[in-house]
Amino acid sequence: MILFWVLFNLFVVVMLALDLGIFNRRARTIRFREALGFSLLWVGLALAFCVLVYFWHGKAASLEFATGYLIELSLSVDNLFVFLVIFRYFRVPDALQHRVLFWGILGALITRGFFILAGVGLIRRFEWITYLFGALLVWSGIKLLRQGDMEIDPENHPVLRVFRRWMPVTDDYMGEKFWVRQPGLYATPLVVVLLVVETTDILFAVDSIPAVLAITLNAFIVYTSNVFAILGLRSMYFAVAGMMDLFEYLHYGLSIVLIFIGGKMLASHYFTMPTHFALGVVTGVLVISVVASLVFPKKGRA
């Protein structure tokens, strides 16, 4: 089993090295066609891995991976809305956005790996944690359902305010640099944006990881489904950044998914829900929310 962990993480390192070292060695604007191509590539790799899991661990494990991947991917789309707000607020040049997302996602892989191992360990040691995670998901779903078009103000981010108290920040972006000396050490606005992106992703992980843990406690399946969704997030951002306003009802679908998965977790000791049924419900809810957004756009955006 350890060999699979090593090989998978080696695959991730190689893909990240190719991304930053070859395909995006210099800061540049990512075009729609390129972003769409890489998004489809990551989805294809996830599907290929799902097939590998099928032959390695059987149908049940492959369904768990597929369900976990779909849940994580759909919740990650919600992250894209927040990333778009952050980039617009700090006026991040298009050519630098990929660099911020790269390092942000690298940090997300590390923190989520820790959260997953901790979550699996806690549930297996203390079964009552299942009810806590289930209640958290239901509460998060209800909160998302009620928030509507809630505005996000990155400037009031508590971590950002603490950071600015002890570290001077330059007024303008300094190319691709995160830190400069003039003459003392200064952080550039890229560090500020990266800090907001990282801490925001940690808050999203509080919802997404328990949601996948409701499907399976196999740490490898939870981790790999999270990683594939996160790695495809950068390309997906550049592919759909200009179309995000079209998905008016997606957050309603996501809220229903969170409430459904939370309910599944709360009832797990009394009722065993087949994974294929959970996968069907999640897929159906997301498809309906996307179709409704396209067919019934809100007035003023039609």
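Reply: Gladly! Keep in mind that this is a predicted model. A search of the whole structure finds 23 aromatic pairs. One of them joins Phe-8 and Phe-11, with 6.1 Å from centre to centre and 40° between the planes.

Me: What makes Phe-8 and Phe-11 an aromatic pair, and why is the pair called tilted?

Reply: Ring centres have to lie within 6.5 Å to pair, and planes under 30 degrees apart would be stacked, over 60 edge-to-face. The centres of Phe-8 and Phe-11 are 6.1 Å apart, so they pair, and their 40° falls between those two limits, so the pair is tilted. Both residues lie in helix α1 (residues 2-23), 3 residues apart, about one turn of the helix.

Me: Why is Phe-8 called buried, and why does Phe-11 count as partly exposed?

Reply: Buried means under 20% relative accessible area, and exposed means over 50%. Phe-8 has 6%, so Phe-8 is buried. Phe-11 has 26%, which lies in between, so Phe-11 is partly exposed.

Me: What kind of pair do Phe-87 and Tyr-237 form, and how do you know?

Reply: Their centres are 5.5 Å apart, with 75° between the planes. Since 75° is over 60, the pair is edge-to-face. The pair links distant parts of the chain, with Phe-87 in helix α3 (residues 59-89) and Tyr-237 in helix α9 (residues 233-240), 150 residues apart. Phe-87 and Tyr-237 are both buried.

Me: What makes α9 mostly covered?

Reply: The count is 8 of its 8 residues buried. Among them are Arg-234 and Ser-235, along with Leu-233, Met-236 and Phe-238.

Me: Which residues do ring pairs link into a cluster?

Reply: The cluster holds Phe-4, Trp-5, Phe-8, Phe-11, Phe-49, Trp-56, Phe-65, Tyr-69, Phe-220, Tyr-223 and Phe-228.

Me: Which residues make the contact of α10 with α11, and how do they divide by class?

Reply: From α10 come Leu-250, Gly-253, Leu-254, Ile-256, Val-257, Phe-260, Ile-261 and Lys-264, which meet residues of α11 including Phe-277, Val-281, Val-285 and Ser-289. The contact has 13 nonpolar, 3 polar and 1 charged residues.

Me: How do α6 and α7 cross?

Reply: Helix α6 (residues 158-166) and helix α7 (residues 189-213) have axes that come within 9 Å and cross at roughly 145°. The crossing is right-handed. Val-159, Leu-160, Phe-163 and Arg-164 of α6 touch Val-191, Val-192, Leu-195, Val-196 and Thr-199 of α7. By class, this contact has 7 nonpolar, 1 polar and 1 charged residues.

Me: One more residue, please. How do you know that Leu-109 is buried?

Reply: Leu-109 has a relative accessible area of 10%, under the 20% limit, so Leu-109 is buried. Leu-109 is found in helix α4 (residues 94-125). Setting aside neighbours within four places in sequence, Leu-109 is in contact with Val-12, Leu-16, Tyr-223, Val-227, Ile-230 and Leu-231. The C-alpha atoms of Leu-109 and Val-227 are separated by 6.6 Å, although these residues are 118 residues apart along the chain.

Methods: Residues numbered from 1 in each chain as written. Predicted model: local features only at pLDDT ≥ 70, side-chain atom pairs only at ≥ 80, totals over all residues. Heavy atoms only, no water. Contact = heavy atoms within 4.5 Å. Helix = DSSP H or I, 4+ residues; strand = E, 2+ residues; numbered from the N terminus. Nonpolar A, V, L, I, M, F, W, Y, C, P; charged D, E, K, R; others polar. Phe/Tyr/Trp six-rings, centres within 6.5 Å; stacked < 30°, edge-to-face > 60°. Buried < 20%, exposed > 50% of the residue type's maximum accessible area, 1.4 Å probe, protein only. Axes fitted to C-alpha atoms, helices over the stretch in contact; angles between N-to-C directions. Left-handed = near helix turned anticlockwise from the far one by under 90°.
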